[in-house]
Amino acid sequence: MAVPKRKTSRSNTRHRRARWKATTPRLVPITVDGVVHRVPQRLVKAYERGLVRPEG
């Protein structure tokens, strides 16, 4: 396992962490039981197979 040779400064640590941003999932319209729902693209197959129930 890699071990750092020296301590990382607080400024560098916070600068690195501040660059990460969460993104909103891309919503795709699908039809389930004749009703159109907007669901995340990665869950489309699960909705089509009935593994996940749409809300609303």
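Helices and strands here are DSSP runs, helices being H or I over at least four residues and strands being E over at least two, numbered from the N terminus. With that settled, here is the protein.

This is a predicted model, in which local features need pLDDT of at least 70 and side-chain atom pairs count only at pLDDT 80 or more, while totals for chains, interfaces and linings use all residues. Residues are numbered from 1 along each chain as its sequence is written, and side-chain values use heavy atoms, with hydrogens and water left out.

Confidence comes first. The pLDDT score is the predictor's confidence in each residue, from 0 to 100. Its mean over the protein is 88, and 98% of the residues reach 70 or more. Confidence is lowest in helix α1, residues 10-18, with a mean of 88, and highest in strand β1, residues 27-32, at 91.

Next, the start of the chain. Ser9 sits in the segment before α1. Ser9 has a relative accessible area of 35%, so it counts as partly exposed; buried means under 20%, exposed over 50%, and partly exposed in between, with a 1.4 Å probe and protein chains only. From Ser9 to Glu48 there are 39 residues in sequence and 49 Å in space, C-alpha to C-alpha.

Arg14 belongs to helix α1. Why does Arg14 count as exposed? Because its relative accessibility is 55%.

Now the loop between β1 and β2 (35-40), where Asp33 is found. Asp33 is a residue other than glycine with a positive phi, near 55 degrees. Its relative accessibility is 77%, so Asp33 is exposed.

Last, the segment after α2 (44-49), which holds Pro54. Pro54 is partly exposed because its relative accessibility is 28%. Pro54 and Val44 are 10 residues apart along the chain, and their C-alpha atoms are separated by 11 Å.
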